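Let's work through a fold together, with a pencil in hand. Please have a look at the sequence and structure first.

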Amino acid sequence: MTTQIAPSVLAADFARLADEASAVADTADWLHIDVMDGHFVPNLTIGLPVVAALLKHAVLPLDCHLMIAEPDRWAPDYAAAGARNVTIHAEAAAAPVRTLRAIRSAGARAGLALNPGTAVDPYAGLLPEVDMLLVMTVEPGFGGQSFLDLVLPKVRRARELIARHGGEVWLQVDGGVTEETIGRCAEAGADVFVAGTAVFGSADPGKAVGHLRELAEAGSRSRPGGESAG
Ligand code: DX5
Ligand code: ZN
C-alpha cells in the first residue's frame, strides 16, 4: 500500500484553477475534481468542459469524482477526455458493471463510491471491476463538513474485503479529511486521501499535502499488520 494524497479543488479558487493546481503539483499525487449536478447532490459545480480545459494545464493526473444522477451516461466521456481516474457512485449507477468497464476501456482507472449510509458488503462482488473503492466520510455535496467517525468500521471492512479479493484495489476516503482525522483513516486501512479544506484552506497548500502524507504514513504503520497488510 502506498499513501497517496489527492487535494480537492472544491476548496480552491475556481477562477484560478490552473494556478491552484500548480501549487500542489510537486507534493500531491492526484488532483481531485468534484463534479456535482444539483440532482444526485444538492450542489452544482463543474462539468466536462472545465475538466477538459483543466487537463490542458494540470501536471497532476485528474481524479474525477462524479456526484451526478446519470453516471452511466457521462462517466466514459470523462475517461475519454483524459481523466486518469473516474469514480461513479453506487447509489446512482443503473448498470455499474457496464459503466466501470466502459471507463476502463476508455483508458482510465475505474472507481466506485459509497455514501456513508451505503453498506460495502453488497458490492464485494464488484471488486474485480474496480481499481479504487471510495468510502465517503461525509454526505457528498459540500466541502468543509465534519468527518463522520461512524464510517471508520466500513473502511476497515472494505480493507478486509479488498485483502480477501487479492487484487490491487486502492481504498480512498473523502470528506472531512484533515490533520486531525487522516491518521484514523490510514489506521483503518485507507491509502488514498482526498482533502479539500485541509489543503487549499491552508496558507501553503503544497506544504499541507506533505504534512498530511506524514500523518497518513504514521497511521498506516500503526495499523494492525502494519503497512504490508492488505
Ligand atoms: C464532498 C466532496 C469532497 C470535498 C472534500 O462531497 O466529494 O471531495 O471536496 O472537502 P473537505 O476536504 O473540505 O471535506
Ligand atoms: Zn470528492
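The model is predicted, with local features needing pLDDT of at least 70, side-chain atom pairs counting only at pLDDT 80 or more, and totals for chains, interfaces and linings using all residues. Residues are numbered from 1 along each chain as its sequence is written, and side-chain values use heavy atoms, leaving out hydrogens and water.

**Exercise 1.** Work out the strand order of the open sheet of 8 strands.

Solution. Start with the terms: strands are DSSP runs of E with at least two residues, helices runs of H or I with at least four, numbered from the N terminus; two strands pair if DSSP finds at least two bridges between them. The order is then S1-S8-S7-S6-S5-S4-S3-S2, with parallel pairing. S1 (4–7) and S2 (31–36) each have a single partner, so one side of each lacks a neighbour in the sheet.

**Exercise 2.** Find how S3 joins S4, and which strands helix H3 lies across.

Solution. S3 (residues 62–67) runs parallel to S4 (residues 85–89), with 3 bridges between them. Cys64 stands opposite Val86 in S4. Next, H3 (residues 71–81) lies across S2, S3 and S4, at about 170° to S4; angles run from 0 to 180 degrees between N-to-C directions of axes, lines fitted to C-alpha atoms, for helices over the stretch in contact (heavy atoms within 4.5 Å).

**Exercise 3.** Which residues touch the most other members of the largest nonpolar core?

Solution. Such a core is a set of buried (under 20% relative accessible area, 1.4 Å probe, protein chains only) Ala, Val, Leu, Ile, Met, Phe, Trp, Tyr and Cys residues joined through side-chain atoms within 4.5 Å. Among its 63 residues, they are Leu31, Ile33, Val86, Val155 and Phe193. Helix H5 (residues 152–165) supplies the largest share, 5 residues.

Methods. Chains are lettered from A and ligands numbered from 1 in the order in which they are written. Buried means under 20% relative accessible area, exposed over 50%, partly exposed in between (1.4 Å probe, protein chains only).
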